[in-house]
Amino acid sequence: MNVYLLQVINGIGVGMLYFLLAVGLSIIFGLLRFVNFAHGAFYLLGAYFCFQAIAWGLNFWLALLIVPFVVGALAWLIEKVLLRYVYAQAHEFHILVTVGLALVIQELVIVIWGPLGDNVATPAILQGVVMWGDFIYPKYRLFVIGFTSVFACLLWWLLEGTRLGSAVRAGSESTEMVSLLGINVFRVFSLVFALGAATAALAGVLAAPIRGVEPFMGIEALGIAFVIVVVGGMGSFSGALVGGLLIGIVQSIMSTLWPEGARLMIYVAMAAVLLLRPHGLLGRG
Amino acid sequence: MPRLTTHLQLILALAVTLVLPLVMQSGSLATEVLIYALAVLGCNLLLGYTGLLSFGQGIFFGMGSYTVGILLTRSGLPLPVALVAAVVVGALAALLVGWFAIRQRGTYFVMLTLAFSQLFYFLAYSLPDLTGGDNGLLDVPRPAIGVGGHELLSLASPWQFYALVAASFFLVFWLLLRITNSVFGRTLLAIRDNEARAAAVGYNVRLFKLAVFALSGAVTALAGAFLAIMTGIAPLSSIEYHTSEMILVMTVIGGTGNLFASVLGAAFYVLFSDWLSSLWPRWLMLLGFLLIAVSLFMQKGLWGLGERIWLAVRRKGTPGHAPKSTENGS
């Protein structure tokens, strides 16, 4: 029994990372109405920047603070010089541009850091495990759960309690209306795109000490983010949270029952949810 | 420019199959062009004719590879039977994926096709007894085609195999031309242009989409089967996301206005990548830039570019006779 409890808690840790990964994608979709296929690439960049920062002798905490801003700024720039010009095109070209972008970023990563992966050391304070009686859990994973929970609350406040958040939420209902109300929608677009990329990068930084870095982690993450958004329902914060946790827990439990098939079961879970609720668990018809 | 007629497309396709052996040194590279042209045709049917952007074409490609791989290594069935089986399996896989994905539209549909391509990848990865897992299926034989022990066509040399692939390619191309020009094909265009209208007119949109999905899966699986037979392996990479992406990129680069554009896209990609990959292992980056450029500046792909050049040349030849309206004719 203890094994399963441990796996559920593990799953919550993984699930919170998945939530971070998916929430940016979901918010970007909600407002800009396109799926960002480069989302996994921003996650990839986050992980590699963290790896590089530590290789330069900076510490993990600094990387955790700076990397999301760096990737966010990069995304902001990309939105301004590139994506802005495809908004007028048919929707498949929005997707194709980001596919091209993801390809460029992935290949750049291989050119700079090589095709083989690497490990990222867990920060010294968080090495080892915590013990409560016979319950043992890695410190770092506990930190990830705590940190992402705090971050999720902050993000929720940003979306629900600030002016920018109102603009984002109103914009996902009707962009024209928001722009009629005198808000510079394009500025909101850039900010939201940057914010989405920054959360993906944050997920990358946090994931790096757990799973290491390798150039193809981006596309894997993209697939998982899609599953979560499909399971939870598109464009919603709570959907990403519920979907992320569900998928994280499914993956963790399956990794004790059938290790080779754990990742397969993520997608099977998605198919099952789709059968029962075609618009996702929290999706609006 | 006059609309590219069915006959002209057919002649162009025939010309490609005949010219490739004349201009190319490597039989297997020429075969690869036609194999990917098949896969791209399948993708074009969805994207160009029905407006469905599918990131799941690798599923059907891989299923085709695995089906012939398993049948030829384990059962010793004749090659044509294995090919037909691959086509059937591809169509069935497409029906299954389509049944889930087609319930959604637009972006949701796109995401679902990618998620399903990951599902099938991990499925193949998790069943090493059947698929060879990470290693793939090795030593897929290439038996000669014969009737009752009487050999009709040995496939031992690359050009002999090319002949088989070229004949199949031409047959499929002709069939798809027939299909896209039929009432069925016209209905697909109606769905692409305005789904709500097509539904209002009384067409069962979902059924049509499912049918074209199955057709696309069948053609793509045939391509995958040919590649497995040519290379002698059915690797895990054939069912990977990268394969889906590659097929889609070829489709977009070629253009989606007509079927022959797909042949152009596949030929460009295969030959370009063969040349570049020997120069620079990270040539995929250039492809990324190319994809961005195509999305920004030439949404009609190589075919559209050729069309524009042709128009410009003709306009110069006959001044004051500039046909403006043909620019957006599809």
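This is a predicted model: local features need pLDDT of at least 70, side-chain atom pairs count only at pLDDT 80 or more; totals for chains, interfaces and linings use all residues.
Is helix α1(A) mostly covered or mostly uncovered, and how many of its 31 residues are buried?

**Figure 1. Helix α1 of chain A, from residue 2 to residue 32.** Here is the reply to the opening question: α1(A) is mostly covered, with 23 of its 31 residues buried. From its first C-alpha to its last, the helix reaches 44 Å, close to the 45 Å expected at 1.5 Å a residue.

**Figure 2. The hairpin of β1(A) and β2(A).** Strand β1 covers residues 129-132 of chain A and strand β2 covers residues 135-138 of chain A; the two run antiparallel and are joined by four bridges. Two residues separate the strands, and in the turn A:Gly133 has a positive phi of about 60°.

**Figure 3. The side of chain A that touches chain B.** Across the contact, chain A supplies 37 residues and chain B supplies 30 residues. On chain A, the elements that give two or more residues to this side are α4 (91-113), α9 (217-232) and α11 (262-276). For the complex, the predictor gives an ipTM of 0.85 and a pTM of 0.88.

**Figure 4. The overall build of chain B, with 14 helices and two strands.** The radius of gyration of chain B is 20 Å, close to the 20 Å that the globule rule gives for 330 residues, so chain B is as compact as a globular protein of that length. Along its principal axes, the C-alpha trace of chain B spans about 65 × 45 × 45 Å. Of the 330 residues of chain B, 50% count as buried. Among the contacts in chain B with a separation of 6 or more, 77% come from residues 24 or more positions apart.

**Figure 5. B:Val23 in helix α1 of chain B.** This helix takes in residues 6-23 of chain B, B:Val23 among them. Why does B:Val23 count as exposed? Because B:Val23 has 7 other C-beta atoms within 10 Å, and a residue is exposed if that number is 12 or fewer. For a sense of distance, compare B:Val23 with B:Ser216: the two are 193 residues apart along the chain, and their C-alpha atoms are separated by 30 Å.

**Figure 6. Confidence along chain B, and the stretch of residues 320-330.** Chain B averages a pLDDT of 88, and 94% of the residues score at least 70. Over residues 320-330 of chain B, though, the pLDDT is below 50. Beyond near neighbours in sequence, that stretch has three contacts in the model.

Methods:
Residues are numbered from 1 along each chain as its sequence is written. Chains are lettered from A and ligands numbered from 1 in the order in which they are written. Two residues are in contact if their C-beta atoms, placed from the backbone, lie within 7 Å. The radius of gyration is taken over C-alpha atoms; the globule rule is 2.2 Å times the number of residues to the power 0.38. A residue is buried if 20 or more other C-beta atoms lie within 10 Å of its own, exposed if 12 or fewer, and partly exposed in between; C-beta atoms are placed from the backbone. Two strands pair if DSSP finds at least two bridges between them. pLDDT is the predictor's confidence in each residue, from 0 to 100. The expected span of a helix is 1.5 Å times one less than its number of residues.
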